[in-house]
Amino acid sequence: MPPFGFWFILWNFNIYNQNVTMAITDVDVSDIAGYISKGTLGSSNASLAVLAQLEGNGDLTNFYTDFNQNSIGYKLSVAKSSNLDSNIFASFKFDPYYIDPEQRPIDLYDSTSNSDCAIIFNNDGSDTTSGTPGTLSGDLTFTRTTGTGDGGYISPGSANTSNNVAWPKPTKSGTDYETINGSTGKTFCFWYKPKTEQPSSFAYMIADNQLTTGRYSGVIIQRPSNRTLAFTILCGNNGGGTSSGNRRSHLGVNNSLAAEEWQFIVVRAKPGSSQGTSNTYVSITTAGAGTRSQTNDGISGTSGSGNTLGYNTSTSATMRWFDSGNGSGATEDEIGMMWVLPFGLAATSGYLDDIYDATKQFYGG
């Protein structure tokens, strides 16, 4: 990695009304693992592949507004023949600024198409197509980002077990939100506000391969009923069963979350029982902390004997939020911006610092 080089990443962080110079010739992402093939970007195709850049001074700057207003951001002829032409860094992104014509939130990277990312037709992000939409049920409310200091989120009207955000099963070839790097695992980054201190039953808040039968599969980020203000991380084998041998649970630390505050959560999930900053961990940083935590703040100890992390191919095994899988648990917690990376990042990674620094202003930082 060249020192102080320009790094174009797929994260578009919506730091509005800033104009920056695009330096596509300075891009070099060859050292970033976990590339995602999206096919070839046509010069007329919209994509979010170069909507964010890490400048030489270390600040992540977004040129979303400039691109839209000048009608060049979604042509991307500048990206053709660069190594951004077929490689993208993340596999899923929920950005509550963007909605489809039916007012639904979208996965900007489109897990159903090998070549399309979201296409945004209006400057205000209100007519976005091609990205995969999520469907809300129960009494969930989707609040859009309206500007700096007003980051969007999805929130329940109550702790209702019928609440659910369902994302379609990935159908494109290549990397999607279910993909993991076998040895390094995968990484979730998201903004989260706990409003329920302790759910009455286990509540699956984010699950990337959830079966309605409750079988263990993929990664499950759970609010446990036997701990206060904590996440427990479950790694399922592939939906083969419901016994403790079919999962490894990384147990939450009591009061590691701060009630009623927006926090930037990083969850790295790897097969096996090891925990720590380069294994499975949960780092937690409030929006106003100033600097991001680079330690394992949220888990200690395990249960279960599963040592694999596998995914079920059933069309009913999809990414779901707020859904407990068997309808037994629920919270009033709120979920904001989210990224899924198909490889593991150490808790000390500077890329995680960049995401936190670029988005904390939307959640009170």
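**Helix 2.** I listed the buried residues of helix 2 and found Tyr-351, Leu-352, Asp-353, Asp-354, Ile-355, Tyr-356, Ala-358 and Thr-359. Buried here means under 20% relative accessible area, with exposed over 50% and partly exposed in between (1.4 Å probe, protein chains only). Helices (H or I, at least four residues) and strands (E, at least two) are DSSP runs, numbered from the N terminus. With 8 of its 10 residues buried, helix 2 (residues 350-359) is largely enclosed by the rest of the structure.

**Ground rules.** I noted that this is a predicted model, where local features need pLDDT of at least 70, side-chain atom pairs count only at pLDDT 80 or more, and totals for chains, interfaces and linings use all residues. Residues are numbered from 1 along each chain as its sequence is written, and side-chain values use heavy atoms, leaving out hydrogens and water.

**Confidence.** I checked pLDDT, the predictor's confidence in each residue from 0 to 100. The protein chain averages 75, and 69% of the residues score at least 70. Over residues 1-88 the pLDDT is below 50, though this stretch has 226 contacts in the model beyond near neighbours in sequence; contact means heavy atoms within 4.5 Å. Where pLDDT is low, the predicted coordinates should not be read in detail.

**Strand 13.** I found 8 of the 8 residues of strand 13 (residues 186-193) buried, so this strand is largely enclosed by the rest of the structure. Lys-186, Phe-188, Phe-190 and Tyr-192 point one way, while Thr-187, Cys-189, Trp-191 and Lys-193 point the other. In a regular strand the side chains alternate between the two faces of the sheet.

**Cores.** I looked for nonpolar cores (buried Ala, Val, Leu, Ile, Met, Phe, Trp, Tyr and Cys residues joined through side-chain atoms within 4.5 Å). In the largest, of 36 residues, Phe-92, Phe-190, Ile-206, Ile-221, Ile-265 and Trp-321 touch the most other members. A second, separate core of 19 residues includes Cys-189 and Val-266.

**Arg-223.** Is Arg-223 buried or exposed? At 0% relative accessibility, Arg-223 counts as buried. A polar atom of its side chain lies 2.8 Å from the backbone oxygen of Glu-197.

How values were computed
Polar contact = N/O pair within 3.5 Å; in protein donor to acceptor, adjacent residues only side chain to side chain.
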